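We will go from stop to stop, and at each one you select something and look.

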Amino acid sequence: MRRSVILMGLVLVTALSLVLAAQEPAFTRSPRADIAVRLRAAARLGTDYVPGRVLVKFRAGLPTQAQASAVTQALPGTATALRAGDVYTDFAYVDVPLDADVPTLAAALAARPEVEYAEPDAIHHLEVTPSDPSFGRQWNMRAMNLERAWDINDGAHDVVVAVIDSGLAMANDVLRFPRFFNGRLQIVDVPFARSTDIVSSNRLVAPYDFFYEDDLPYDMDGHGTHVTGTVGQLANAESGVGVAYSARIMPLKVCLGEWEVLFLLAEDGVSTLPPTFQGGVCFTSDESRAIRYAADNGAKVINISIGGESPAAATQSALQYAVSRGAFVALSGGNDFEEGNQPGYPALYAKDINGVMAVAAVGQDLNHAYYSTTGDFIEIAAPGGNTRVGGAAGRIWQQTYRPASISLNQLAPRFDLLEDDAYQGTSMASPHVAGLAALLQSQGIRSPAAIEAAIRQFANDRGTAGRDNEYGFGVVDARATLRGLGIAK
């Protein structure tokens, strides 16, 4: 069925409405009503958090009236509205004016004895530095000793892996968006295609889009599709293969791609992406919701290739919840080594949660990738690519969108042209570990803490003997991990 999509949650100007009325809108799909408003405010203010919103977790058992009273007393003179979260949150939302100093208000609320934590809804980003008709390009799979590991386990049959990211190339469709270009507002049709190298009959489990609140997490960036391919691209596909090629996939969209932001800001006359939104936009409130959703809907492995410098207690709490529900979590370790080596979130939480691992990146030579953040939270390393060792061939090749088809320097993108492309980043390293965790799950290792222990124990030590801040416990070795546990079947 043809779809007509308006990414605005607000009434468009009269002229645009007339244009839409003349173009056979068959189906309208709208995001949560607040998204466009808050992104516009973030673009105007240049914030690294969602304007107009504080996330707050109250002490257990505090009555609703007492919660409202605590907010009023903590933020006197500030217009507020307290809203409960949904079944996938353990926090509430406090709406404040869009131009309010959210970090200051959150700190004031956090100081109240009734409050466990209060924080801005931080904006995180996809952790990738972007730029196979054959397996030959996939040096990363050989580096993990996967060819021999697949002799032990042929791809993690039926284990559900959740990929919390920008979505997935999951369906053939055409969506309609508003676009401000060459000085005028117009409507563009954007085609989508299904990745036949990833999506097969009955493979997807409980897909969900946390911006549109529906089960169509279409990827409008390419990052999510690339990451998902590393986790589980099908064997014997035209382009390469994934670590857990027989696993089932749960695509969960929590990140808006750059094109989506442009469409959302079209009504404001924005034709060029504001710097705040380069690399896409991910709200930590939706990250935490997606983690709980994954754990509650059968995912036994979760990959999160997202990060930022702002703490996110809501995400930390969700990670703890996921592990308690039997889900192992792989996190990208960060790409800021040469930009101050600032530790990022949620990776920093990994060291304190057994069953959650922060992953560093190595290149073809299995040495530390120049961009990969280091620190005491790094627990393992995996192939992430390094163009300084081998050029483009030293990146991670996987199916995603053709780069020219999604370039921002045109009227509209095309998300129906898929091919192999080379990315690098800890975003690429993390799904290797998630895929290995799925292989272990299918071999009968159910405890997230036990999976982490196995991956640590049988890694190939690099750098300083024992755990170090560059490689953690070493570079993953899939064959040694499966054989070392004595569970070959």
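**Stop 1: a hairpin.** Select the hairpin of E6 and E7, which has 2 residues between the strands. Find Asn182 there: its phi is positive, near 55 degrees. The labels H and E mark DSSP runs numbered from the N terminus: helices (H or I) have at least four residues, strands (E) at least two.

Before moving on, note what you are looking at. This is a predicted model, in which local features need pLDDT of at least 70 and side-chain atom pairs count only at pLDDT 80 or more, while totals for chains, interfaces and linings use all residues. Residues are numbered from 1 along each chain as its sequence is written, and side-chain values use heavy atoms, with hydrogens and water left out.

Now colour strand E6 (residues 173-181) and strand E7 (residues 184-192). They run antiparallel and are joined by 9 bridges. Strands count as paired if DSSP finds at least two bridges between them. Show Arg176: opposite it, in E7, stands Asp189. Is E6 mostly covered or mostly open? It is mostly covered, with 7 of its 9 residues buried. Buried means under 20% relative accessible area, exposed means over 50%, and partly exposed lies in between (1.4 Å probe, protein chains only).

**Stop 2: the open sheet.** Select the 7 strands in the order E8-E9-E5-E12-E14-E15-E16. They form an open sheet with parallel pairing. Its edge strands are E8 (208-209) and E16 (378-383), each pairing on one side only.

Next, select helix H9 (residues 284-296), which packs on this sheet. H9 touches strand E5 (160-165), E8, strand E9 (248-253) and strand E12 (301-304). The direction of H9 makes about 155 degrees with that of E9.

Walk through some of the pairs:

- E8 and E9 are parallel and share 2 bridges. Asp209 has Lys253 of E9 as its bridge partner.
- E5 and E9 are parallel too, with 6 bridges. Val161 is partnered by Ile249 in E9.
- Strand E14 (residues 328-332) runs parallel to strand E15 (residues 356-362), with 4 bridges. Ala330 has Met357 of E15 as its bridge partner.

How many of the residues of E9 are buried? The count is 5 of 6, so E9 is mostly covered.

**Stop 3: two helices side by side.** Axes are lines fitted to C-alpha atoms, for helices over the stretch in contact, and angles run from 0 to 180 degrees between N-to-C directions.

Show the side chains where they meet. On H9, pick Thr284, Glu287, Ser288, Ile291, Arg292, Ala295 and Asp296. On H10, pick Ala314, Thr315, Ser317, Ala318, Leu319, Tyr321 and Ala322. Contact means heavy atoms within 4.5 Å.

**Stop 4: an enclosed helix.** Select helix H7 (residues 223-232). Its buried residues include His223, Val227 and Gly232.

Stop 5: Start with Thr47, in the loop between helix H2 (34-45) and strand E1 (49-58). Thr47 is buried, at 8% relative accessibility. A polar atom of its side chain lies 2.7 Å from the backbone oxygen of Tyr49. Beyond neighbours within four places in sequence, Thr47 contacts Ala42, Ile123 and Thr276.

Go to Ser372, in the loop between E15 and E16. Ser372 is buried at 0% relative accessibility. A polar atom of its side chain sits 3.0 Å from the backbone nitrogen of Ala361. Leaving out residues up to four places away in sequence, Ser372 touches Gly334, Phe337, Ala360, Ala361 and Thr426.

Finish at Asn335, in the loop between E14 and E15. Asn335 is buried, with a relative accessible area of 12%. Which side chain does the side chain of Asn335 meet in a polar contact? The partner is Thr426, at 2.9 Å. A polar contact is a pair of N or O atoms within 3.5 Å; within protein, one must be able to donate a hydrogen and the other to accept it, and residues adjacent in sequence count only if both atoms are side-chain atoms.
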